[in-house]
Amino acid sequence: MVNIDDALNMICKETKILGIENKDLLSSINRVLAEDIYSKDNLPPFNKSAMDGYAIKSNDTYNCSKENICELKIKGIIKAGDFLNGTLKNGEAYKIMTGAPVPKGADAVIEIEKVESKEDKLLIFEQVKENNNVIKFGEEIKIGDLAINKNNIIRPVEIGVLASLGYSSVKVYKAPTVALIVTGDELVDIKSNIKNGQIRNSNEYSLKALVTNLNAEALSLGIVSDDKEILKEKIKYALEKADIVITSGGASVGDYDFVKDTLKEIGADIKFSKIAIKPGKPVTFATFNEKLFFALPGNPSSLITSFENFVKPTIEKIMGKGNSNLEEFPVTLMDDFKGKPGRQKYVYVEIKRKDKDYYAYKVGSQCSNHLMTMSRANGIIIIPKEVGNAKAGEVFNGKFIFRK
Ligand code: AMP
Ligand code: MG
């Protein structure tokens with residue numbers, strides 16, 4: 001049995017970047033940029049009004065106050081998308097909408113709420129400063145400036161930046177193709193009514209969601225019965241087609257747990273097959289011709305925990321990402337949690353914050369067959385290997401997993 005850090009190190013040694021590809025803008029979400037992005041334009045491309053109001057010359061308002069109301073002549077209206085060719089002169093104003101180009105000659109916009117207008121007369125009751133409510137030409141970024149550094153992750157905000165700069169596709173690091181095989185004679189399609197002894201194949205769906213959530217390519221190969229020969233053929237096929245192969249179930253020591261034997265038979269190099277963690281002990285990691293193989297346990301919450309701990313960082317590393325693990329912080333247990341020493345335990349809980357402190361509450365059984373507990377949880381508490389039972393009032397490290 002290996003400990004978690006050793007397992008991660010062994011996996012890490014086998015991962016490498018797969019290359020670079022061009023992706024359509026939207027498909028690049030969650031990928032890592034493989035090029036520096038330079039601005040092709042000045043943003044904004046013109047002096048832009050930040051408010052609905054009136055474009056004016058600020059020096060027309062130097063003496064304006066409630067006692068000394070100024071009057072300007074409204075020459076017209078400029079809406080977003082318009083472009084005025086003329087020049088605004090002293091004594092004049094243009095009504096202007098948010099996002100519209102501030103006309104030549106104008107150097108400020110006064111908000112509509114602060115003025116009064118009667119027909120073509122504009123009344124101003126205060127002094128307006130130069131550049132007030134004007135987003136200046138090129139103020140955000142100029143042509144040729146570096147907009148986003150290579151190796152940055154593309155989040156929705158970067159999609160927005162790239163779109164505003166006119167990039168409809170970008171160079172990113174390739175993501176691995178991940179083949180998914182679920183094993184088990186008890187499994188039926190999720191649309192089926194379950195008969196005696198059967199359960200719905202939920203793992204295929206969780207796995208597919210986990211992979212596609214990282215914007216890697218999932219290649220779902222369906223359910224394989226607990227038959228050694230069929231499994232072998234499926235595994236061989238998966239290893240041909242994908243960069244990473246994940247199996248669900250059949251990874252333990254039961255009479256029909258054939259995954260490990262099959263890996264041995266095809267000559268895969270098994271690096272480890274047990275990790276000192278709960279849930280998720282029977283995880284096998286193997287390599288075969290530079291392909292990576294993860295045999296994960298079939299218990300639904302073990303499967304997801306193992307994916308999060310070992311497969312996700314692998315996929316992310318291949319995609320050029322650093323460690324995306326959320327930070328751990330001290331959490332006080334509000335309930336007792338039973339456990340045995342020997343393995344590091346991940347306990348799914350609800351973490352609540354009160355003032356500056358965090359508290360963990362039970363949300364259900366920690367049985368690794370139950371997904372409901374994980375679904376109700378927003379965090380995990382990490383109980384070290386040496387500790388057995390953990391009691392209310394004790395403090396352990398925890399982290400958020402997904403926020404509700
Ligand atoms: P195994 O790892 O094959 O021994 O399976 C452990 C447990 O996980 C058993 O209770 C299985 O019924 C369940 N299980 C296995 N595969 C799946 C699956 N694809 N979807 C949901 N549950 C599964
Ligand atoms: Mg099974």
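Helices (H or I, at least four residues) and strands (E, at least two) are DSSP runs, numbered from the N terminus, and two strands pair if DSSP finds at least two bridges between them. The structure is a predicted model, in which local features need pLDDT of at least 70, side-chain atom pairs count only at pLDDT 80 or more, and totals for chains, interfaces and linings use all residues. Residues are numbered from 1 along each chain as its sequence is written, chains are lettered from A and ligands numbered from 1 in the order in which they are written, and side-chain values use heavy atoms, with hydrogens and water left out.

An open sheet of mixed pairing is formed by six strands in the order β16-β13-β17-β21-β20-β18. Because β16 (217-224) and β18 (269-272) stand at the edges with a single partner strand each, one side of each is left without a neighbour in the sheet. Strand β13 (residues 177-183) pairs with β16 in the parallel sense over six bridges; Leu 180 has Ser 220 of β16 as its bridge partner.

An α-helix has 3.6 residues a turn, so residues three or four places apart point the same way. Just after α3, Asn 215 adopts a positive phi of about 60°.
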